[in-house]
Amino acid sequence: MKIGIAGSLESNDVLVTVRECEKLVIDIHSIVDLLFHDQIEKVVRDTLQELGIENVEVRLQDKGALDYTIRARLITAIQRMEAQP
Amino acid sequence: MRSFLFVPGNNPSMVQNADVFPADAVIFDLEDSVHVAEKDNARRLLRDYLTSHPSLPQKVAIRINAMDTPYYKADLEALVADEIDYIVLPKATVTTTQKLGSDLFALEQKRELNKHIDIIPIVELAASLVEVCKIAATSRVVAILFGAEDYCAEMEIKRTLAGEALFFPRSQIAVACRANGIIAIDTPFTDVADDEALLKDCHNGALLGMTAKAAIHPRQVGAINEAYSPAQDQIDWAKKVVKAEKEASSKGLGVFSLDGKMIDKPVIERARKTLAKAKQYNLAGQDDE
């Protein structure tokens, strides 16, 4: 199974893990989950849509990352996953 | 331009706060501060930050990886955009600086950018120092950054607080920059906890003609800005000289005396430059000429 990881558990960052999957799974763990869960999920869904990816498992361990960081880490994780043989 | 602050390109906490620091320019780093396994991560983070963040530093520079690395091309591809003012090129030589200029031109044309991106070569090799005048005269080069750590490592010499080891390269770079009307950026001071030594290092560079300095920590920026701005006594002196020159000129005098010292054209020019710099940094006050 292909897997891609990007980001970190430092403050203002997010650790994104993506895996090949037969359906879309988004699993969000955030220190600001109560306030921003929906916004984080929206960034993930928008980014996946932009990349044309429908089925993938995305796990986020968020330490207060802004939208641009979530998007950047997700794209890098997917590129790393896709680069695997 | 007095201060150029390095910010690690893969650190969201620092990247997204880069616009609040009082540096005249911020250099987002893709080179030494980013691990080889994280170059793609940093590139993507910076790209998304620059294209989406509501406020950016007043001047944005990117230190890319050197041309002989596998990252150079990808760095340029990812980051050449209208949001960038300068590309900072490590281990620069005349050849690599010219090649970067060609590569930037091609990308600017391809992407139909509204901006002409300038180059800040880092002179940190003995061979680069030998040809620094040619580097300074290369198209798009608006400043040269001195990299003392690599220079000292190559030369097998020790950098000291007194700065003897850096006397020649600082002087050579300062003269090359002055001759070409560009900014001479002094090497960063690496002990971020020693404010007194930082000030001394700033003055060592300024005495030799460096006109700006790189910072590796936000706390260094204030001291650098102060050291590379005209001091109040210099501004007061410059105002007196310019005022006296006007009076002397009305009497048909080209040379005159002020406070017992001869004032002639070079001194007047120095006073004018001091006032121009003071105005640039809003230090001239209300009653300047």
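Asp48(B) and Arg44(B) sit in helix H2 of chain B, 4 residues apart, or about one turn of the helix. This is a predicted model. In it, the two side chains form a salt bridge, with the closest N and O atoms 2.9 Å apart. An α-helix has 3.6 residues a turn, so residues three or four places apart point the same way.

The cut-off for buried is under 20%.

Arg44(B) also has a partner in chain A. Thr76(A) is in contact with Ala6(A), Asp40(B), Asn41(B) and Arg44(B), leaving aside neighbours within four places in sequence. Thr76(A) belongs to helix H2 of chain A, residues 67-83. Its relative accessible area is 0%, so Thr76(A) counts as buried.

## Other salt bridges

The structure holds 28 salt bridges over all chains. Lys91(B) and Asp150(B) form one of them, at 3.5 Å from N to O. Lys91(B) lies in the loop between S4 and H4 of chain B, and Asp150(B) lies in helix H7 (residues 148-155), so the pair ties together parts 59 residues apart in sequence. Lys91(B) is partly exposed, with a relative accessible area of 32%. Asp150(B) is partly exposed as well, at 31%.

Asp201(B) and Lys213(B) make another salt bridge, their closest N and O atoms 2.7 Å apart. This pair links distant parts of the chain. Asp201(B) is in helix H9 (residues 195-207) and Lys213(B) in strand S8 (residues 212-215) of chain B, 12 residues apart. Both residues are buried. Both also belong to a network of salt bridges, whose other members are Glu149(B), Arg159(B), Arg170(B) and Asp186(B).

## The nonpolar cores

In soluble globular proteins, nonpolar side chains tend to be buried together. Here the largest nonpolar core has 65 residues. Which of them touch the most other members? They are Phe28(B), Ile62(B), Leu76(B), Ile87(B), Leu100(B), Ile144(B) and Ile173(B). Helix H2 (residues 39-52) of chain B gives the most to this core, with 5 residues. Apart from this core lies another, of 19 residues, among them Ala6(A), Val14(A), Ile40(A) and Val58(A).

Phe28(B) shows the packing at one position. Not counting residues up to four places away in sequence, its contacts include Val7(B), Val15(B) and Ala18(B). Leu46(B), Tyr49(B) and Leu50(B) are also among them.

## One side of helix H3

Helix H3 of chain B spans residues 72-79. Its buried residues are Tyr72(B), Asp75(B), Leu76(B), Ala78(B) and Leu79(B). They cover an arc of only 165 degrees around the axis, which puts them on the same side of H3(B).

What do these buried residues pack against? Their partners in chain B are H2, strand S3 (60-63), strand S4 (86-89) and helix H4 (94-111).

His116(B) is found in the loop between H4 and strand S5 (118-123) of chain B. It is partly exposed, with 47% relative accessibility. Its C-alpha atom is 9.1 Å from that of Tyr86(B), 30 residues apart along the chain. His116(B) touches Glu108(B) and Arg140(B), not counting residues up to four places away in sequence.

Arg140(B) lies in the loop between helix H6 (132-136) and strand S6 (143-146) of chain B. Arg140(B) is buried, at 9% relative accessibility. Its phi is positive, about 80 degrees, although it is not a glycine.

## Exposed sites

Asn282(B) also has a positive phi without being a glycine, at about 55 degrees. It lies in the segment after helix H12 (265-280) of chain B. Its relative accessibility is 70%, so Asn282(B) counts as exposed.

On chain A, Leu34(A), Leu35(A) and Phe36(A) form a nonpolar patch on the surface. Together they have about 420 Å² of accessible area. Leu35(A) lies in helix H1 (residues 33-51) of chain A. Leu35(A) is exposed, at 72% relative accessibility.

Technical notes
Residues are numbered from 1 along each chain as its sequence is written. Chains are lettered from A and ligands numbered from 1 in the order in which they are written. Side-chain values use heavy atoms; hydrogens and water are left out. A nonpolar core is a set of buried Ala, Val, Leu, Ile, Met, Phe, Trp, Tyr and Cys residues joined through side-chain atoms within 4.5 Å. Buried means under 20% relative accessible area, exposed over 50%, partly exposed in between (1.4 Å probe, protein chains only). Helices (H or I, at least four residues) and strands (E, at least two) are DSSP runs, numbered from the N terminus. Contact means heavy atoms within 4.5 Å. The arc is that of the directions from the helix axis to the C-beta atoms. A salt bridge is a side-chain nitrogen of Lys or Arg within 4 Å of a carboxyl oxygen of Asp or Glu. Patches are made of residues with over 30% relative accessible area and no salt bridge: like charges are joined within 9 Å, nonpolar side chains (Val, Leu, Ile, Met, Phe, Trp, Tyr) within 5 Å. Accessible areas come from the Shrake-Rupley method with a 1.4 Å probe; for residues, only the protein chains shown count as cover.
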